[in-house]
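Me: Could you walk me through this model, with the cut-offs spelled out as we go?

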Amino acid sequence: MKTDLEIHLLGGMQIQINKTPVTGFISSKVPALLVYLAVNQRAHQRESLASLLWGEMPDADARNNLRQALSNLRKFFGPYLKIANDTVQFNAEMLYALDVEQFGAAFESGDFERAIAIYRGNFLEGFVIREAPLFEEWVFMQQARLHEQALEALHRLMTAHANCGEYGPAMNYANRLLALDPWREEIHRQLMLMQARSGQRSAALAQYNACRTMLRKEFDVEPSTETTALYERIKESLKNVRSNLPAAVTGFVGRESELAQLRQMMASPEIRLVTILGPGGVGKTRLALETAASCEAMFLNGVWFASPGNEQSAGNHRLLLTLANVLGCMLTSPHEPTRELIHFLRPKELLLVVDELEDHLEGVGLLAELLAQVPDLKILATSRQRLGLQAEHVFRLDGLPVPPVAQKNQEPYAAQQLFLQRARRAQANFNLSHADEPEIAKICQLVGGMPLGIELAAAWVNQVACSEIASQIESSIDFLQTSFRDASPRRSNLRGVFEWSWNHLTPAEQTVFQRLSVFSGPFSREAALQVAGSTPANLAALVEKSLVWQSEGRYYLHQVARQFGAEKLRQNGDGEQISMHHAEYYARFLARQGDMAQGSGSIQQEALREIEGELENIRAAWNWMVNRRDISLLAAAIDGLYHFTAVRSRFRLALEMFGTARLALQPCTTGDLQARFTYCRLAAREGRFLSFLSRFDEANRWLLESLALLKEMNEPDELAFVLGHLGGTARMQGDLEQARDWLRQCLSLRKQTGHLSGQAVALLELAGVAFTAADFEAAREACQEGLVIAEKIGDQQTVAHLLTGLSLCYRELGQRQIALNYCQRSQEIYEALGDQYGVVQASLTQGELNRQLGKYAEAQSFCQQAIRISQEIGHSSGEADGHYRLGQIALSVGDRALALHHQYTGLKLAFALQENPLALDCLYEIGTIFARFGPQAEASVILNWLNERAETGSPRRKKISEFLAEIPPTQTIAIAPAGRSLTQEEIVHLVEANLNQTHES
């Protein structure tokens, strides 16, 4: 029988098997032998082990004692020992735990917290054996090695936490260090500093006295000069004013993450200068003040705020005078004021907050000199432009987080919280209503989460409605201004913020900035060059001046900056031309990426990612093309947009974009042949996405109109596209003959033009027709033929669809494990492509397979996932199918009420979507449940109605007949007048009326 051996050697010795301490050793040298073998797991010669523990005895006696010890060990630990004639070895292949080994592994991997948790004391602490000097020497060496590692781990943990400003944990580790090694004066010093920086100055002074007492007692020496100097600095810091930070007059909202990051930067000894960089009005000053207030205790001589904006002197001297006045440094020498300031600051440890340095860049050399000459000085600056100093660490600040849409029944975003707080200052009884929620979210979006913009907007709530505030901001940023008498000129209106920045740009930078306002979202350097004529130099300059932001190699404009730039562009008269360049660029981009999106592997994935990243700009460019009815650009962009939205299941987006373009081009179809052809392509793709959303009547309208127009043109590939999707729509509606006819025409055209991907898709759809008709072998053959083609050309999406089709076929053919393997392969491809529609199909398929295999929990999970994703992408057909599958699962586990609920939900959805095959499936399940468990009269009506439907196949008719034969003739009711069949609505009403009348069998 296997046993669990635990050997604890740190802080003493304890040996357990199955949590029970092992006792009964014939001498203390027996467990010592086990310990030595466990720690040194190589094979040991018997002679060396005898010398280790019995070296003071004659050889024969030593060997005899070793034999007795091994016999004693074998009694308790036989499986853990490999004992041969000449050697003895610990059997590390058995299950065991050795704390020394665990400590070493944690230490070597850098997991110092785990290492220290394991280290409970010295190696074999308190364990003594006599007359074994070699063993005692080995123990001493192990103790020293492990002790030093524990000290190093504690020191690293202490330093790491202290450098992040986490003084509580850091002081705990320092105290543990001193418990292990109380004579390390530098640890006493570090503990004093951390106590002082966490506001415990009295404790720091007491720590000095404890250190002094210990040194006198143990070594008859005084603390070092460095330790005493620190003591005096801490003592002196208790006497002086520690801050001149202005008191806050408004609440501070959000920025928790930024505040934590800046606090860590202030604590790090490696960082001396941090610049909070951002556009005007983004909240740089307030964040700097909050950071300084939270860090006041960290600096022995406090934190000091300086704003040199009002000083009249020029350049370096203006900044110098401001700092001297703030710090209370009396400058007496007109020739060497900098040296006086340095002399004043050198013995101090403080944080200096310098505000609005964008106006004083010519004087920032003073800051570099101070940092070089004053070792314990840190500077936190705010600026719209980088300072350009070697020591500078830039902390970029953007607007507060804004909701992508109005958030309901959730904690509001920081931007919304700020709006509400400021609104209640303007109107004390202001309450958030449901009508205001989306309007406030919109206001926050319009100002890009900029705190100044939010505050200026919120000040209007006592005069106009939130909807009017949003409307006014959309019209002009001039609306965002205040009449508060104590507001600084910089904070009185938003236009002034950007006019200041605009006036500090060169003419070339102004030109590029206003042109960049045409971008609706993040853009690449190449796009900036092609659309706005930007060079790397002036783009970098705009980033430096906080008018353009850079993240992960891409650029973007703050929302309000974009609005301001767009105004300048309109005033310049270049707006239309730049918008045209923008549209041309993204039309070419879609054409290029669209080709790659039809590729395979990493090329396809990269193309899809590229399009996703440019989606905001693509939508803006598309709208420009539509508004101008630019036929050539729309024609170039269609395929890229179609392939992206189809693969990524962006059905609603596609419907919106293709639909608006079709409407715009409708008047152009009578004359221009290119316009007519482009219109057909747009209408066909709109129809395709309507069918994805199960809006089949609308889908057929545009697909059939495209078909009629295309018959007059020589465009076989586009004609095949339309025929293929008409066939798919007909199949979904249950018209299998029409579907088969259209799909065969489609396949024939695809073969004529050599369009391999189109052939694979046509075979997939024909397989769907055969499957719906219960000809599973024919469906399998069509899927297999299509798969060969799709894999040959690397069309991964079609490969996945065909694998799903094969899974369905093999499931119906009774080969469920093969079916499951195919389905798992397809799901992997769908997930890699980001094809949510495909994931729905694979999830539904896996759900049914797991149900048939009796894995009901897994089946339910897959179907619930399919419903959730279907709701997200607007795929109501998948949602209906998911409820149908969940109904079957519920019945399999005996929950008839839940089964009927899901089948009824699926039935209503399917009938509303005109998905007759799925609706009939749901109704069949309901009818059979009624037949078995009641009410049987209604079951008879439902099953007879299904039997009359032309779509009901022979296998199902046979099962229906079997159920009807079991229902007594007396169990009948009349719903419709004689000679008239029930309508769909009447059938749904009949089911609904009887859902609550089921009973236990």
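Me: Which loop holds Asp220?
Reply: This is a predicted model, where local features need pLDDT of at least 70, side-chain atom pairs count only at pLDDT 80 or more, and totals for chains, interfaces and linings use all residues. Numbering runs from 1 along each chain as its sequence is written, and side-chain values use heavy atoms, with hydrogens and water left out. Helices (H or I, at least four residues) and strands (E, at least two) are DSSP runs, numbered from the N terminus. On that basis, Asp220 falls in the loop between helix H9 (201-219) and helix H10 (225-237).

Me: What is phi of Asp220 near, and is Asp220 buried or exposed?
Reply: Most residues other than glycine have a negative phi. Asp220 has a positive one, near 55 degrees. Buried means under 20% relative accessible area, exposed over 50%, and partly exposed in between (1.4 Å probe, protein chains only). With a relative accessible area of 67%, Asp220 is exposed.

Me: What is the relative accessibility of Glu356?
Reply: Glu356 also has a positive phi, near 55 degrees. Glu356 sits in the loop between strand S10 (350-354) and helix H15 (365-373). Glu356 counts as partly exposed, and its relative accessibility is 23%.

Me: Which peptide bond is cis, with omega near 0 degrees?
Reply: Most peptide bonds are trans. For this one, look at the loop between helix H42 (916-933) and helix H43 (936-948), where Pro935 has its place. The cis bond runs from Gly934 to Pro935.

Me: Why are the buried residues of H20 on the same side of the helix?
Reply: In helix H20 (residues 494-503), the buried ones are Leu494, Arg495, Val497, Phe498, Ser501 and Trp502. The arc to check is that of the directions from the helix axis to the C-beta atoms. They share a side of H20 because they cover an arc of only 155 degrees.

Me: Which helices do the buried residues of H20 pack against?
Reply: Contact here means heavy atoms within 4.5 Å. By that test, the packing partners are helix H18 (451-458), helix H21 (507-516) and helix H24 (559-572).

Me: Which strands stand at the edges of the four-strand sheet?
Reply: The four strands form an open sheet with mixed pairing, in the order S3-S2-S1-S7. The edge strands have a single partner each, so one side of each is left without a neighbour in the sheet: they are strand S3 (20-21) and strand S7 (96-98).

Me: What is the bridge partner of Glu6 in S2?
Reply: Strand S1 (residues 5-8) and strand S2 (residues 14-17) pair in the antiparallel sense, over four bridges. Across from Glu6, the partner in S2 is Gln16.

Notes:
Two strands pair if DSSP finds at least two bridges between them.
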